[in-house]
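Here is a short briefing on a protein model. Look at the sequence and the 3D view, then work through the points below.

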Amino acid sequence: MERIQNIRQMQERAESLRLSGKRIAFVPTMGYLHEGHLSLIDAAADCDIIIVSIFVNPTQFGPGEDFESYPRDLERDIALAEGRGAHIVFHPSALDMYGGDPLTGVEVASITEVLCGASRKGHFRGVTTVLTKLFHIVKPHVAVFGQKDAQQAAVVLKMVEDLNMDIRIRIAPIVRESDGLAMSSRNVRLEAEDRKNAARLSQILFGIRDVFANGEPLDKLLEEGRAAIRKIPGASLEYLEARSYPELQALKNKDSDANILIALAARFGKVRLIDNVLIPGESGRKEHEKAPGERNAL
Ligand code: AMP
């Protein structure tokens, strides 16, 4: 497996791979890899070359967020990525990515202001800008994202559509710990007691999904879900909301056609966790069937 740090070198390597007819898959990550990230490598296995980037992107962290304390272990990440079948790990420095005092950014409007965007001002601008840069460096045919960050996946789909980026976006399902907690690099920062209690989050989401399937009104279930999260010892709820997916619009009554995303964010101490479940609507199921070349998490 190759490791590349230099941006120009990565661009030249990607260009020569393209010229030799290779299909490039790209898995962007912030490192500290776990089974969730590695499942994205699996989801890219039909491509000729899988490139994993490891870059803790400073511009997607707000002031007071956990940029400094975000876990990092490059050598371990490289070994894990190689073991799972990645061909290249690209790990640029922040200085190389942003050293030139950039004046340019990429911003997706409106759908970045709800859910996580409501409390993390500028977060998605950081995400879409760094992804645009990485797409220009890695030149992928396919980019793979996790449903774990459902809003991010929706924002990326919109950006790629709006800006005519010639990249197929593939979205892979959430990988969970055995007690249901969504895997996250941040889980290692949970105190032991919080780690145990955090499993309640996914159980509450699954509960809402299952009872909703029996015909209970969603608003009532969400209200009960919020109350249940507030009762988890040590948990502080940021939001629990339902929106259409991937449009991220407020749900209208009788909107039975839409895919429904039920998403939450909650904190345990300084650790902010997100999770979600997706309930496919009639049109979502049809859409999925129409695109057999690309998998999504529905
Ligand atoms: P991150 O390193 O947290 O920025 O995540 C990099 C990619 O891995 C994103 O596309 C995430 O959605 C995805 N990812 C993170 N955790 C999981 C998980 N538990 N299951 C599936 N994908 C995940």
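α6 passes α7 in a right-handed crossing; a crossing is right-handed if the near helix is turned clockwise from the far one by less than a right angle, and left-handed if anticlockwise. The model is predicted: local features need pLDDT of at least 70, side-chain atom pairs count only at pLDDT 80 or more, and totals for chains, interfaces and linings use all residues. Residues are numbered from 1 along each chain as its sequence is written, and side-chain values use heavy atoms, without hydrogens or water.

**Helices α6 and α7**
- The axes of α6 (residues 123-138) and α7 (residues 150-162) come within 11 Å and cross at roughly 55 degrees.
- On α6, the contact (heavy atoms within 4.5 Å) is made by F124, V127, T128, L131, T132 and F135.
- On α7, Q151, Q152, V155, V156, M159 and V160 make the contact.

**Strands β7 and β8**
- Strand β7 (residues 235-245) has eight of its eleven residues buried (under 20% relative accessible area, 1.4 Å probe, protein chains only).
- β7 pairs with β8 (residues 259-268) in the antiparallel sense, over ten bridges; pairing needs at least two DSSP bridges.
- S244 has I260 of β8 as its bridge partner.

**Residue L205**
- L205 lies in helix α8 (residues 192-213).
- L205 counts as buried because its relative accessibility is 0%.
- Leaving out residues up to four places away in sequence, L205 touches L240, I262, L264, D275, N276 and V277.
- L205 and L221 are 16 residues apart in sequence and 9.8 Å apart in space, C-alpha to C-alpha.

Terms used
Axes are lines fitted to C-alpha atoms, for helices over the stretch in contact, and angles run from 0 to 180 degrees between N-to-C directions. Helices (H or I, at least four residues) and strands (E, at least two) are DSSP runs, numbered from the N terminus. Buried means under 20% relative accessible area, exposed over 50%, partly exposed in between (1.4 Å probe, protein chains only).
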